[in-house]
Amino acid sequence: MARKVQFVETVLRDANQSLIATRLPFDKFEPMLETIDKAGFYAAECWGGATFDVCLRYLHEDPWERLRKIRAKMPNTKLQMLLRGQNVLGYSHYPDDFVKLFVQKAVENGIDVIRIFDALNDVSNLKVAMEATTKAGAIASGTISYTTSPVHTHAKYVEMVKELKEMGASTICIKDMAGIMGPQEAYDMVSAIKDAVDMPIDLHTHSTTGLAFMTYLKAVEAGVDIIDTAISPFSGGTSQPATETLAYALRQLGYEVDLNDEMTTKMATFFKGIRDEFVADGTLMPKAMATDTQCLTYQVPGGMLSNLMSQLKQMNAMDRFDEALAETPKVRADMGYPPLVTPTSQMVGVQAVRNVLDGQRYKTVSKEIKAYCRGEYGKTPAPINADIQKMILGDEQPLTTRYADSLAPIVEPTREQLKGIAKSDEDVLSYIAFPSLAEKYFEERKAKEENEVTYTIVEC
Ligand code: CO
């Protein structure tokens, strides 16, 4: 019998985030939810990552309400979210009580699969979220943040997979956020993991460098079970490769693909209209749709290259771009080869620019890099360069324990603080994650409700 390959559709989360900075409002995609639900995806990735932040910051939406509304319209498909381990949806570590309650509420509001990653691949940063996920009855997808370096060997990744399995992972995700994984590498890495554990493996990559179709094909040959794709109008460039194209190619090669073509065609027609609107208003830029092979040369994510450029432009120093780019891998090596993903990509990039513009390395150091050197982000893949660490920390000693163990519980004090303002634990969680944004949202909501009440009275 033909081997089955399953698909995760990313249009509502990663494609939306990578191409149009997560600006898709609920009302715009709502008419398609029932169709997506009937298309036969393994899961629909629809929450987490930047969606929570952007809902509150720009779209005036309650992210929890968005999730419940998606759930109501999609009873048959697993809903998936992306979670930054102990960082949850933010940029620094939170206390365990917040991580646990957040995961519990995400599942209660409709999430079935939580993909949990850590920027350093430090499994102690994944443990609390993984355990909370299985406890809540959802699927914990233990995730490897994929990168290449002298210390990132297949043996190390396999060791990590075994630890994730022990923590309760039901599936493993290899997350290639930069789209730099080549086809042979995919074949070798999936084979190594499949040899070591008998678990479903999901490969996540981006089309940024143009490798993705080939990479998925070789991963499927090596036994990968699930691939992440985006419906064609929202595919390519910094997003995922196209859902329909991979379904077509894999069927031709004899694999079983349980997607309903009528539904994916409907989705493509619908999202083409949406894409055209975002092209017309300038949100979707041609740059995001282009193939960028620079990332292969420098082994840095595409998003980092554009961040470097915008930083240098702001400082009127675009002529230093080549130097800043050359400094980036050196800073990464000094920092013990962290994978470059939120938040380490920003930290390393900013430091590289500082080192070049100051004319002296580590003369200026951000508070995040200082915290990183103290060990607040966890154990680095290789040791931090000892001289540089000493220079940054002075007499301060780096942590020898897990940072979150030193953080006081935050949920109960915040419940107290928000008495009369928060309507639910979900509100409390939003506030802990993004205090000023949540506060503004609560005010907007109150004003809107008061208006609605007035309106009803007038109508009577
Ligand atoms: Co991604």
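Figure 1. Angles under 35 degrees count as roughly parallel, over 145 as roughly antiparallel, 65 to 115 as roughly perpendicular and the rest as oblique; axes are lines fitted to C-alpha atoms, for helices over the stretch in contact, and angles run from 0 to 180 degrees between N-to-C directions. Helices are DSSP runs (H or I, at least four residues) numbered from the N terminus. The crossing of helix 10 with helix 11 is right-handed, a term used if the near helix is turned clockwise from the far one by less than a right angle. Phe 213, Tyr 216, Leu 217 and Val 220 of helix 10 meet Thr 245, Leu 246 and Leu 250 of helix 11, where contact means heavy atoms within 4.5 Å. By class, this contact of helix 10 with helix 11 holds six nonpolar residues, one polar residue and no charged residues; Ala, Val, Leu, Ile, Met, Phe, Trp, Tyr, Cys and Pro count as nonpolar, Asp, Glu, Lys and Arg as charged, and the others, Gly among them, as polar. Residues are numbered from 1 along each chain as its sequence is written. Because the model is predicted, local features need pLDDT of at least 70 and side-chain atom pairs count only at pLDDT 80 or more, while totals for chains, interfaces and linings use all residues, and side-chain values use heavy atoms, with hydrogens and water left out.

**Figure 2. Helix 9 meets helix 10 in a right-handed crossing.** From helix 9, Pro 183, Ala 186, Tyr 187 and Val 190 take part in the contact, and they meet Met 214, Thr 215, Lys 218, Ala 219 and Glu 221 of helix 10. The residues of this contact divide into six nonpolar, one polar and two charged.

**Figure 3. A cobalt ion is coordinated by one aspartate and two histidines.** The donors are Asp 14 (OD), His 204 (NE2) and His 206 (NE2), at 2.1 Å; donors are N, O and S atoms within 2.8 Å of the metal (3.2 Å for Na, K and Ca), and water is not among the atoms, so sites may look incomplete. In sequence, the donor residues are spaced D-x189-H-x1-H. Both His 204 and His 206 are buried, where buried means under 20% relative accessible area, exposed over 50% and partly exposed in between (1.4 Å probe, protein chains only).

**Figure 4. Helix 6 crosses helix 7 and also carries the buried Lys 105.** The axes of helix 6 (residues 96–108) and helix 7 (residues 127–135) come within 9 Å and cross at roughly 35°, and the crossing is right-handed. Asp 96, Val 99, Lys 100 and Val 103 of helix 6 meet Val 128, Ala 129, Ala 132 and Thr 133 of helix 7, a set with five nonpolar, one polar and two charged residues. Lys 105 has a relative accessible area of 12% and is buried; leaving aside its neighbours within four places in sequence, Lys 105 is in contact with Trp 64, Asp 425, Glu 426 and Leu 429.

Figure 5. Most residues other than glycine have a negative phi, and most peptide bonds are trans. Asp 358, in helix 17 (residues 344–358), is partly exposed at 22% relative accessibility and is in contact with Lys 363 and Thr 364, leaving aside neighbours within four places in sequence.

Methods. Helices (H or I, at least four residues) and strands (E, at least two) are DSSP runs, numbered from the N terminus.
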